[in-house]
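Please look over the model shown here.

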Amino acid sequence: MKERKQIILRAIVQSYIATAEPVGSRTIARIYDLGISPATIRNEMQDLEWMGYLEQPHTSAGRIPSLKGYRFYVDSLMQPGEVSREEATAIKDWFTFENTQTQEIFSEAARILSGLTHNLSLAVTDESQHAVFNYIQFLPLDDNRAILLLVTTDGSVDHSTFIMPAGVTLLKLQDFALQLNRALHGRELREITTELMQELQQDFWVEPQVMFSTLDTIQNTVGKNREIFTDGVSELIRQPEFKDLGKLQELMKLLEESKQLADLISHSPSTALTVRIGPETGIAALHNYSVVQAQFFDQQKLVGSVAVIGPTRMEYDKIVSLLHMMQQKVNSVLRTGKTDGDEVH
């Protein structure tokens with residue numbers, strides 16, 4: 001994309017984020033002083049719309065960024081957002097507390113972020129995330145039931161009662177266990193997903209019910225020690241987007257299924273900040289939202305994730321900068337067990 005189009009696209013994204021109103025060529029010319037006429041800006045905007053970076057919600061209205069436009073902005077145009085002294089102090093003040101319990105750190109992180117970003121914040125702690133698969137074993141319970149044991153490499157044992165499908169014998173279950181143990185030994189439990197089990201099923205001669213009952217046991221083990229904290233619903237519903245009651249109801253329904261959101265931010269391969277826009281979340285109810293998340297580690301072990309969830313028209317630059325600062329602070333606390341004494345500049 002040529003530089004002038006990039007400048008205009010950045011200006012439109014920033015203006016729409018600030019006002020929630022479609023942006024016209026005259027607005028860009030007046031506010032950003034690009035040194036070109038409104039007519040030239042209008043032609044460039046038409047090109048950007050044709051290229052898929054802008055949309056025109058109404059015939060007589062200005063343009064708004066498309067999902068593609070937001071993605072290009074985040075990847076190529078966004079500069080680090082400015083964190084005010086007050087915002088930096090709000091983060092620092094919390095981390096001068098002596099309490100370094102993981103749950104307390106993350107619940108407070110969610111509270112602070114929602115207040116600073118005026119969006120929904122979600123924090124997930126999961127100290128079992130680094131549990132590693134060792135083996136499974138089936139033990140007979142009666143003619144129709146077996147006990148499924150899941151053992152991790154640290155010696156922890158979990159179990160569930162398994163109803164054997166018609167025609168499935170204990171011998172067949174034990175053979176399946178041997179195959180699965182060879183395939184999964186040494187993998188972190190959080191890596192054992194539905195997609196992975198579907199791939200393995202193609203190689204194993206086993207009924208789907210057996211495969212996915214095993215997956216349920218693994219995922220239940222991962223979720224047992226997980227804490228989910230949310231904050232900022234009252235902040236989020238003040239956004240102009242929620243004048244639409246349908247969108248508000250959709251959000252409330254999603255929050256009731258907080259496990260789906262927790263899974264989303266807990267299963268990111270990246271150790272850095274991640275920005276997902278609209279359909280990139282993989283959750284239909286988040287089609288009009290973006291999720292910016294950071295992961296937190298204790299001696300290279302993932303112990304939690306924090307995310308800001310809001311309309312696609314969110315302040316990406318500011319949110320990324322705040323999360324980056326919080327990521328540094330929390331990782332420092334988890335690593336050393338104490339806060340640093342750096343001054344806020």
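What follows is a short report on selected features of this model.

## Basis

This is a predicted model: local features need pLDDT of at least 70, side-chain atom pairs count only at pLDDT 80 or more, and totals for chains, interfaces and linings use all residues. Residues are numbered from 1 along each chain as its sequence is written, and side-chain values use heavy atoms, with hydrogens and water left out.

## Aromatic pairs

A pair of aromatic rings is described by the distance of the centres and the angle of the planes. The structure holds four aromatic pairs. Rings of Phe, Tyr and Trp (its six-membered ring) pair if their centres lie within 6.5 Å; planes under 30 degrees apart count as stacked, over 60 as edge-to-face and the rest as tilted.

One of the pairs joins Tyr70 and Tyr316. It is tilted, at 5.9 Å centre to centre and 50° between the planes. Tyr70 lies in helix H4 (residues 67-77) and Tyr316 in helix H13 (residues 316-336), so the pair ties together parts that are 246 residues apart in sequence. Helices (H or I, at least four residues) and strands (E, at least two) are DSSP runs, numbered from the N terminus. Both Tyr70 and Tyr316 are buried. Buried means under 20% relative accessible area, exposed over 50%, partly exposed in between (1.4 Å probe, protein chains only).

Phe106 and Phe296 make an edge-to-face pair, with 5.4 Å centre to centre and 85° between the planes. Phe106 sits in helix H6 (residues 102-117) and Phe296 in strand S9 (residues 289-298), so this pair ties together parts 190 residues apart in sequence. Phe106 and Phe296 are both buried.

## A charge over a ring

Lys68 lies over the face of Tyr53, 4.6 Å from the ring centre. The test asks for NZ of Lys or CZ of Arg within 6 Å of the ring centre and within 35 degrees of the ring normal.

## The largest pocket

The largest pocket has a volume of about 470 Å³. In its lining are 21 residues; the closest to the pocket centre are Tyr16, Ile64, Lys247, Asn288 and Thr312. A pocket is an open set of points on a 1 Å grid over the protein atoms alone, where a 1.4 Å probe fits, with protein on both sides within 12 Å along at least five of seven lines; lining residues have an atom within 4 Å of a point.

Strand S2 (64-65), H4 and helix H11 (245-256) each supply at least two residues of the lining. Domain 1 (3-77) and domain 2 (85-126 + 226-337) each give at least three. The domain bounds come from an automatic or database domain assignment.

## Positive phi

Most residues other than glycine have a negative phi. Ala20 has a positive phi, near 60°. Ala20 lies in the loop between helix H1 (3-19) and helix H2 (25-32). Its relative accessibility is 18%, so Ala20 counts as buried.

His118 also has a positive phi near 60°. This residue is in the loop between H6 and strand S3 (120-126). At 39% relative accessibility, His118 counts as partly exposed.

Pro208 is in helix H9 (residues 208-223). It is partly exposed, at 45% relative accessibility. Pro208 and Met197 are eleven residues apart in sequence and 9.6 Å apart in space, C-alpha to C-alpha.

Is Leu215 buried or exposed? At 3% relative accessibility, Leu215 counts as buried. Its C-alpha is 7.4 Å from that of Met197, 18 residues away along the chain.

Definitions and conventions:
Points joined across faces, edges and corners; volume = space filled by probe spheres on them.
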